[in-house]
Structure formats: structure tokens, C-alpha cells
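Colleague: Could you take a close look at one part of this model with me, the interface between domains? I am new to this, and I would be glad if each term came with its cut-offs.

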Amino acid sequence: MAAPRNSLRGFLTHAKSALRSAISSNQKVTLVIGNESADLDSMTCQILYAYVRSMAPPKNAFTPLYLPVTNIPASGISMRPEFLAVFKHANIEPAHLITLDDLPALSEIQARLKPENTKWILVDHNALQGQLGKIYSSRVQGVIDHHDDEGRVPKNTGDEPRIIEKSGSCTSLITDYIRPTWDMLSGSALSSGAAHAQGDSMSDDDAVVKQWDASVAQLALASILIDTSNLQDKNKTTDHDRKAVEYLETKILLCPQLVTSFDRTAFYEAIDAAKKDIGPLKLQDILQKDYKEWDQDDGQKLGISSIVKPISFLKNKADEEASSSSPKAFLEQLQSFAKDHSLDLYSIMTTSTSQGGDFQRELLVWAFNDKAASWARSFAENSREELGLEDWDGDEDVASSEGHGQWRRVWWQRQVQHSRKRVAPLLRQAHS
Ligand SMILES: [Mn+2]
């Protein structure tokens with residue numbers, strides 16, 4: 001049976017308790033999961049898909065209820081101030097999200113959540129990484145993503161989509177996919193509401209559904225605006241994004257409470273400011289906040305942190321925490337992060353605005369053993385031109401180092417259109 005038409009808050013509360021009882025009684029579950037960086041895009045993709053799909057599941061669905069899973073422990077939510085900024089508009093709180101903490105612990109997950117009882121739909125990635133990937137990859141039967149296709153999701157995904165296309169935000173692709181269903185649901189809810197209406201004024205049912213829709217639409221819109229810089233970044237913005245923004249904005253403006261007050265640019269600026277407000281976080285949390293890792297075939301491991309502040313900010317942060325001022329504190333923090341994640345190669349990509357107001361990127365690559373050092377060197381050689389790698393002019397002791405089984409470089413990445421979406425495949429390909 002389809003989930004009843006509900007607010008997002010009501011839906012997530014229902015989904016969370018349904019997951020709990022499914023695990024305790026060995027029932028089937030359908031999980032919609034974003035990538036392990038758990039950025040805003042992943043979070044809104046899984047929620048939008050699960051919310052709309054659960055209210056109108058395909059006839060032969062594995063389960064009628066789709067559960068959105070945020071691919072981090074609950075403690076990670078506080079490292080994402082932009083989540084909190086968006087939640088206010090969607091009338092939800094961190095406790096409403098289903099996170100990895102709501103799944104059985106990794107040591108017993110295979111026994112308590114049997115692979116054959118699960119179906120996984122990937123959004124904002126197309127290969128399930130890490131321990132979940134090892135256990136459940138063969139249970140992935142649907143994907144909507146905007147990263148390079150790694151060819152891991154079967155070609156035939158039955159009733160679920162297999163959509164991998166270029167777009168600024170994956171949420172735009174989700175919006176496009178669920179749009180007919182969402183319109184059908186809103187249309188029938190609105191017309192059944194209208195049937196009860198007395199006179200000319202909008203019925204209560206009507207207003208409630210419009211408000212629910214507007215909450216979810218704002219959640220989705222936030223990601224698209226963040227990923228495309230309010231549709232202004234021409235390297236990232238695609239027609240998918242423009243169309244989705246138009247559609248979601250219409251849904252928002254149908255809501256009587258928002259029609260006169262909603263301002264897209266102000267909305268974008270508030271979320272963007274929240275996202276950049278990482279000052280209160282510890283450096284280790286900043287490194288973890290938007291982090292992804294990959295295992296190469298020979299067991300070597302790569303990790304990349306994307307950070308919305310320049311290296312100088314990170315170094316100051318390390319100095320503050322160590323009450324000293326030397327490159328050592330900063331480098332030690334990076335090293336310990338890499339060690340905690342068992343990395344052979346660690347990379348940091350920063351974004352910031354120059355004094356002249358230009359968008360800029362730094363790229364740090366650090367190899368921790370000889371094999372990884374030759375990997376890093378071939379990356380530097382092969383990608384110098386495409387990424388526009390230029391010697392960095394910051395602190396010399398940070399900028400480069402080699403010998404004693406390690407190798408490190410920092411560059412300005414002058415081809416600023418390339419995000420981790422491009423840099424990660426280049427790093428992975430350089431491995432031999
Ligand atoms: Mn994305």
C-alpha cells in the first residue's frame with residue numbers, strides 16, 4: 001500500500017519507525033541512499049525520491065515504502081550547517097533523518113539486514129562504496145546520478161530508473177524523474193480538497209497540501225542553487241537545472257504563505273552563507289565534512305576532502321588548535337586524518353574567492369609511501385595541463401615535500417571548472 005499523502009516531517013517519522021520494525025522482524029526494505037560525502041545534494045536527492053515514490057510506488061515494487069538514508073552517522077549532521085539552514089524551510093529537524101546509525105552496526109549488519117531482504121537505489125553516486133558496497137552491491141537496482149558511470153549498476157533496473165547524465169545538481173535529475181508522479185499526487189489531492197471546498201476560498205486541505213509541497217520544493221531547490229551558484233555558474237548549470245528550478249519555484253509560489261515573501265536569491269544566499277560558516281568546526285571535522293574515498297584494485301586507498309575555505313584558513317585553524325604557529329601543526333593534522341582513514345594518497349581540494357573577487361581552487365596531493373608517491377607523480381604529469389596546475393605561492397614547507405617514502409605538492413588549480421567530479425577520476429586513472 002502506498003504511504004498516505006503526508007508532510008515531509010510526517011513521512012520521515014513514519015519511514016524511520018518502519019525501518020526499525022523491518023529490521024527487528026526481518027522484513028524487506030527499499031533503501032534510497034546518497035553518496036558517502038553526504039552533501040546537501042545527496043541528502044535532498046534521497047529524500048525527494050523516497051517521499052514522492054512512496055506515495056505512488058510502481059505496482060510490483062519490492063516494497064511500497066522507500067526509505068531515504070543519509071550515508072553518514074548522525075553525528076555528521078552537525079558538521080553541515082547548511083542542512084540546518086535548509087531544514088528550517090522544510091519544517092524538519094536533524095533527528096528526522098535516517099542515518100547509518102539507524103542501520104545495524106557493521107559488525108552484524110549482514111546478519112540483521114540480509115542482502116536478499118534489501119533493494120538499494122543509489123542517488124548522487126553510481127557505485128556503493130565501502131563496507132555497504134561489499135555486502136549489498138549486488139542488491140543495487142536503480143540509480144539516478146550525475147557522476148561518471150562506473151558501470152556497476154546493471155543495465156536493466158526494472159521498474160526503477162537507470163539515469164546517469166550530466167547536470168549541475170543530481171537533485172535536478174530527480175526532480176525531472178518524479179515530476180509526473182508529484183503532479184499527479186498534488187493534482188488529485190488538490191482536486192479532492194477542492195471537492196470539499198465551500199464557496200470560493202481555498203479549502204484547508206488545499207492549503208495544507210500546497211504547504212507540504214512547498215517545503216519539499218524548497219529542500220530540493222536549495223541543492224540545485226548551491227550546486228550551480230544560483231544558476232550563475234555556466235560551467236555547471238545545465239538545462240536540467242534550469243528546468244527543475246522553474247518547476248520547484250512554481251510549487252513554492254503556489255503556497256499562500258510564501259507567494260509574496262519568497263525570494264530565490266535571498267534564499268540561495270542564506271544557505272550559501274550557512275554552508276561557508278565552518279569557522280566553529282574543528283579542523284578534523286572540516287576535513288571529514290565533504291569527504292570521499294576509493295579503493296584501487298591493488299588495495300591502495302585514495303581519499304579526497306572538498307573544502308569551502310582556502311589552505312591558509314585551514315592552517316590558521318590548526319595553529320589555533322595547537323596554540324602555535326608553524327606548518328607542523330597543520331601537516332600533522334592532515335597526516336593523522338589520512339592515517340585514521342588508512343589512506344595511501346590523500347588530497348584536499350579547496351574553493352575560495354581571491355582578493356580581486358575571482359573564484360579560485362587549490363589542490364593538495366600527499367602520498368604516504370613509495371608506491372603512492374609514483375602514483376601521485378604520474379597524476380601530476382598527466383593532469384597538469386587539463387587542470388591548469390600551477391605552483392602554489394603559500395608557505396614553502398606546506399607547498400612541497402618529498403623523500404622518506406612520501407611526496408607532497410600544493411598547486412593552484414587554474415582550470416577552476418573542474419571539481420572533484422573530474423579530479424577524482426583523474427587521480428584514480430593515474431594509478432597503475
Ligand atoms: Mn551531487
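**Where the domains meet**

Modeller: Happy to! The protein averages a pLDDT of 94, and 96% of the residues score at least 70; pLDDT is the predictor's confidence in each residue, from 0 to 100. This is a predicted model, in which local features need pLDDT of at least 70 and side-chain atom pairs count only at pLDDT 80 or more, while totals for chains, interfaces and linings use all residues. Residues are numbered from 1 along each chain as its sequence is written, and side-chain values use heavy atoms, with hydrogens and water left out.

Let us start with the two partners. The domain assignment gives domain 1 as residues 8–265 and domain 2 as residues 283–429; such bounds come from an automatic or database assignment. The C-alpha centres of domain 1 and domain 2 are 31 Å apart.

Now to the interface itself. Here 14 residues of domain 1 are in contact with 14 residues of domain 2, contact meaning heavy atoms within 4.5 Å. About 1300 Å² is buried between domain 1 and domain 2, and carbon and sulfur atoms give 47% of it. Buried area is the accessible area (1.4 Å probe) that two parts lose on being put together, summed over both. On the side of domain 1, Glu 36, Ser 37 and Met 79 lose the most area to domain 2, together 37% of what that side buries.

Next come the polar links. Between domain 1 and domain 2 there are 5 residue pairs in polar contact, both residues at pLDDT 80 or more. A polar contact is a pair of N or O atoms within 3.5 Å; within protein, one must be able to donate a hydrogen and the other to accept it, and residues adjacent in sequence count only if both atoms are side-chain atoms. The rule also finds 2 salt bridges across the interface of domain 1 and domain 2, a salt bridge being a side-chain nitrogen of Lys or Arg within 4 Å of a carboxyl oxygen of Asp or Glu. Arg 428 forms a salt bridge with Glu 150, with the closest N and O atoms 3.6 Å apart. The structure holds 22 salt bridges, including one that joins the side chains of Arg 242 and Asp 239 at 3.2 Å, N to O.
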